[in-house]
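Colleague: I am new to this structure and should like to understand the terms used for it. Would you take me through them?

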Amino acid sequence: MVVADDAGVQKVLKIHRLGRISFRTVKANRDYLKNGQAGSWMYLSQLAAMKEFAFMRALRDEGFPVPEPISQSRHTILMTLVDALPMRQISMVPDPASLYADLIAILLRLAQHGLIHGDYNEFNILIKEERTPAPSTSTSTSTSTQSPSAQPPAADQITLVPVIIDFPQMVSMDHVNAEMYFDRDVACIKRFFKRRFHFTATQPGPFFKDAKKTVGKDAARRLDATAEASGFTKKMAKDLERAIALEQKLAEEKAELKKEGKYFGADSEENSDDDDDDNDQEDDSSEDDEEPEEEERGQAEQQLEDDIPTFPRPEKEIPVEKLTISEAT
Ligand SMILES: Nc1ncnc2c1ncn2[C@@H]1O[C@H](COP(=O)(O)OP(=O)(O)O)[C@@H](O)[C@H]1O
Ligand SMILES: [Mg+2]
């Protein structure tokens, strides 16, 4: 959501909504919700906001190309608006190899700092155009308009600069499933470049085992304990991780059902990678698609009054693999 401050400067207010839509559509998870507040959307969304804010800050301080985080309150964070388009909406780039190399370099630099993005896809990579005026006398206007004069004006130099967003699911290079997350991020970029830009890197990899050796190298400050440093308890980390895994699982299942033409539920555009990548520039900001029911909101507001770390542990854990979408709301 784009908002403006007192001076009219536009900012992005991100409202976290973890566990709000999908969870209520899963029967097994409704039971889970009854079991304890660890399934509450407000608790989980607040954790997501806290974690995202902490990582955005740490990454920004380390010089990574991320928005500037401004503040965090409850389940929202405020950050600077990046004047850029998600890569998803870009149909052509002049030099895919160079952009690909930049994105892989960011991924490897994150690894060096002990981190894996965990959702490194075309929605979470914004592409900024940085224009350097051509070294000509007059100011050239557009790069595409033809000049009627014999001497066409020199075109501005345009550099594509990626900016990375969306950090609630960041994981450590020491995570038990780190290799899977790392490989998935790499595969995501490769797949997108192949489909969209028809570009395939000549070099294989990068591989997790090589990246792992670089963790902390060249005096790189480890950032994987960032969440803990910002007040996250182990339980909070676990609750959040489980919830995110669930949502990813549900998004995958939904994408699968859609592909088979069997999905008839409410459609909130998620980061699922559907196959229709040809110029479909749909708006994936379905902010107001579903509000929690009044009663639910009341409970959530109540929970906010409590101190987060005191939430009781759910009695039993639900293995993510066992969940299926039983109905759609
Ligand atoms: N700081 C920002 N500047 C510009 N656009 C942004 C910014 N943050 C998010 N967006 C836009 O909003 C979309 C969703 O943001 P994201 O943080 O990825 O949320 P979600 O968790 O819903 O995926 C992005 O794909 C991007 O288009
Ligand atoms: Mg995103």
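Modeller: The largest nonpolar core has 56 residues, among which Leu 44, Ala 111 and Ile 116 have the most contacts inside it. This is a predicted model, in which local features need pLDDT of at least 70 and side-chain atom pairs count only at pLDDT 80 or more, while totals for chains, interfaces and linings use all residues. Residues are numbered from 1 along each chain as its sequence is written, and chains are lettered from A and ligands numbered from 1 in the order in which they are written.

Colleague: What makes a set of residues a nonpolar core?

Modeller: Such a core is a set of buried Ala, Val, Leu, Ile, Met, Phe, Trp, Tyr and Cys residues joined through C-beta atoms within 7 Å. A residue is buried if 20 or more other C-beta atoms lie within 10 Å of its own, exposed if 12 or fewer, and partly exposed in between, with C-beta atoms placed from the backbone.

Colleague: Why is Ala 154 called partly exposed?

Modeller: Ala 154 has 13 C-beta neighbours inside 10 Å, and therefore counts as partly exposed. Ala 154 lies in the loop between β7 and β8 (157-164). Its C-alpha atom is separated by 9.0 Å from that of Pro 133, 21 residues away along the chain.

Colleague: Which residues come nearest to ligand 1?

Modeller: Val 12, Pro 67, Val 82, Pro 86 and Asp 166 come nearest, out of 14 residues around ligand 1. A residue is near a molecule if its C-beta atom, placed from the backbone, lies within 6 Å of it. The shell has nine nonpolar, three polar and two charged residues. Here Ala, Val, Leu, Ile, Met, Phe, Trp, Tyr, Cys and Pro count as nonpolar, Asp, Glu, Lys and Arg as charged, and the others, Gly among them, as polar.

Colleague: What is the average pLDDT of the protein chain?

Modeller: The average is 79, and 69% of the residues score at least 70; pLDDT is the predictor's confidence in each residue, from 0 to 100. Over residues 268-329 the pLDDT is below 50. Where pLDDT is low, the predicted coordinates should not be read in detail.

Colleague: How many helices and strands does the protein chain have?

Modeller: The protein chain has eight helices and nine strands. Buried residues make up 30% of its 329 residues.

Conventions:
Contact = placed C-beta atoms within 7 Å. Helix = DSSP H or I, 4+ residues; strand = E, 2+ residues; numbered from the N terminus.
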